[in-house]
Amino acid sequence: MSEMQRPTFVLLASILIFGVSWAAQDRDFWYEEARAALRRRLSGDGSTGSARPVARNVILFVGDGMGLATITASRILRGQRDGRPGEETRLAWENFPAVALARTYNSDAQIGESSACATALLCGVKANFETVGLDSGGRFENCFSSFSSRVPSLFDWAQQAGKATGLVTNTRVTHATPAALFAHSPSRYWEDDGKVTPSARSTCKDIARQLVEDEPGRNINVVLGGGRRHWLPKVTRDPEAPGDEGRRLDGRNLIADWLREKKRRSVRAEYVWNRDQMEHVDPHRVDYLLGLFAYSHLDFEADRDTSPNGDPSLADMTRVALSILAKNPKGFLLFVEGGRIDHAHHYNNAYRALVETLALEAALLAALPLVDLADTLLVLTADHSHVMTLGGLATPRGNPILGVDSKMSDVDGLPYSTLLYGNGPGFSQPRPIPSNSSSSEMAGRNSVHGAAVPRQWATHGGEDVPIYAQGPLASHLFSGSVDQSYIPHAIAYAACLGEHNQRCNGGPDNYSASDPGPAACSAPAPESNPGVVRDGVVVASSVMADDSATPNAAAASRYSTRNYAVCKMVLLLTTVFSYGFEVT
């Protein structure tokens, strides 16, 4: 190979290797990545699977858009509210013994988007931008692509183990993050049938319908949040906001359908839509609870109507959910999302973002006395970060976190807030100075902080987000730097869910030996039945596997075939490079 040809060859080989590897990063790839990460963390503890502790219960707290700068600023705000300087304060999760960092990129995006991040966080695979509950085979708004790319979630695994499941959020229950627990959609925006592209309406269910009709959605014991508009038909007025009507085009009232389905199964179910109704639910008489407290998202905590007819807080909903879920002798898995941190950051409204973070902390504090940490795993993390920064020059201890730095800019001589944004609606010249620079928070609750780049809405941040954990195996499983898709697999291992369900029964455990590293290429066994015709449509074997008694067989065959091809391609290119074959 000539010196002139060698750089070109290296570039082409790199592109080809990267392209093949990236295309192969579907469900099986991320599952194997998680297995390897588990192996590295568990191989040195001297224990075997059945001897390790087991989490009977799991609570996963998610702060949507809650990056490290948000956590730091929120802890300072809480301390200053208590009359202290603030910097020394600890939020409740900062006392957890285990801490790790999660990488939040998506399959096709450097900066994580909510539904794809949620798919990684709740289903264990990286996903494409704005798809939900699908691996990288899912294509945005491509209905057909969703049939062969669906992936199970933590809720699927928990329900298969006989556990109770619950979903608590202050966003719409069909919104991007909670949807990954129960839905498989090529668009996060398909929350009702009116949002589904007309050509796909007869083939792909909207997200709300999946929650009511499909597994695991129909089996979720507690669903509390907002979003009535996606459950009601256009002819129906909202009970709380009579000027608004439902958005469904199919004429269905999914709230009534949810109640009918539970009655048909002879299970005790109740629907509530305000705080007073929820507080009067008797957990001893209710096994399934649906609470939709707002037409869209619940109000920000700073604006929440605390009267009986208003919205419950995140802490209120968490307490009620636990009172129902705790009845299950096999345990439970509860998901709690502080979803409006993200929304406030999109507005460059730091005040509400920090208050929403403290509302998530209040939910954690409400849960702690209701669980036994000897058999309950608590995990708190974020789906992605935001572009808020915290900075200053010799800023004194106790400086109001929502105020301005103690020094002026050395360029234009003007003040600037210590909390600033990389982009968003806060851009202006001269830059805005928050009115909450005084000691009064309320004076500046609507303040927009300055942004460096003008955008209608601030973007997400791409840096790693923290993971805090406490409970069985927390310190073993959550350490170092991990892909976000590792998190649900670690939870599943701790709780003996999914492919780890045999660990608690003395079954095989493959996480006591060192990581074996890459294996040599071996040809796969032939696949006997690659597909089937169902209702006139060829269905991939991965879809068949969902209904099969051996659900991993088809996936294993696909994984073996693809990895064999990738492995041989890499070896071929390595050989070509090593021996210097001419490339013309």
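So, Cys504 first: its relative accessibility is 35%, so it counts as partly exposed; buried here means under 20% relative accessible area, exposed means over 50%, and partly exposed is in between, with a 1.4 Å probe and protein chains only. Its partner is Cys496, and the two are joined by a disulfide with an S to S distance of 1.7 Å. For the record, a disulfide is called when a pair of cysteine sulfur atoms lies within 2.5 Å.

Quick housekeeping before I go on. This is a predicted model, where local features need pLDDT of at least 70 and side-chain atom pairs count only at pLDDT 80 or more, while totals for chains, interfaces and linings use all residues. Residues are numbered from 1 along each chain as its sequence is written, and side-chain values use heavy atoms, with hydrogens and water left out.

Back to Cys496. This one is buried, at a relative accessible area of 5%. The backbone there is worth a look too: Cys496 has a positive phi of about 60° without being a glycine. You'll find Cys496 in the loop between helix 14 (486-495) and strand 16 (531-534). Helices (H or I, at least four residues) and strands (E, at least two) are DSSP runs, by the way, numbered from the N terminus. The link from Cys496 to Cys504 has 85° about the S-S bond and is right-handed.

How many disulfides does a search of the whole structure find? Two. The other one is formed by Cys143 and Cys204, with their sulfur atoms 2.1 Å apart. Its S-S torsion is about 100°, so the disulfide of Cys143 and Cys204 is right-handed. Cys143 sits in the loop between helix 4 and helix 5, and Cys204 in the loop between helix 6 and helix 7, so this pair ties together parts that are 61 residues apart in sequence. Both Cys143 and Cys204 are buried.

Cys117 counts as buried, at 0% relative accessibility. Cys123 is buried as well, with a relative accessible area of 1%.

Now the aromatics. Rings of Phe, Tyr and Trp (its six-membered ring) pair if their centres lie within 6.5 Å; planes under 30 degrees apart are stacked, over 60 edge-to-face, and the rest tilted. That rule gives six aromatic pairs. Take Phe140 and Tyr189: ring centres 6.5 Å apart and planes at 90°, so that's edge-to-face. The pair links distant parts of the chain, 49 residues apart, with Phe140 in the loop between helix 4 (114-123) and helix 5 (154-160), and Tyr189 in the loop between helix 6 (176-179) and helix 7 (207-213). And how accessible are they? Phe140 is at 37% relative accessibility, so partly exposed, and Tyr189 is also partly exposed, with a relative accessible area of 38%. Then there's Phe144 with Phe147, centres 5.7 Å apart and planes at 80°, so edge-to-face again.

The rule is NZ of Lys or CZ of Arg within 6 Å of the ring centre and within 35 degrees of the ring normal. Arg340 lies over the face of Phe300, 3.8 Å from the ring centre, and Arg41 lies over the face of Tyr486, at 5.2 Å.

Strand 10 pairs with strand 11 (residues 419-424) in the antiparallel sense, over three bridges. The bridge partner of Met388 in strand 11 is Tyr421.

The Glu215 to Pro216 peptide bond is cis, with omega about 5°, and Pro216 is in the loop between helix 7 and strand 4 (222-226). Gln429 to Pro430 is cis too, omega near 0°, with Pro430 in the loop between strand 11 and strand 12. And Asn348, not a glycine, has a positive phi of about 60°. Asn348 lies in the loop between helix 11 (340-346) and helix 12 (350-367) and, at 0% relative accessibility, counts as buried.

Notes
Pairing = 2+ DSSP bridges.
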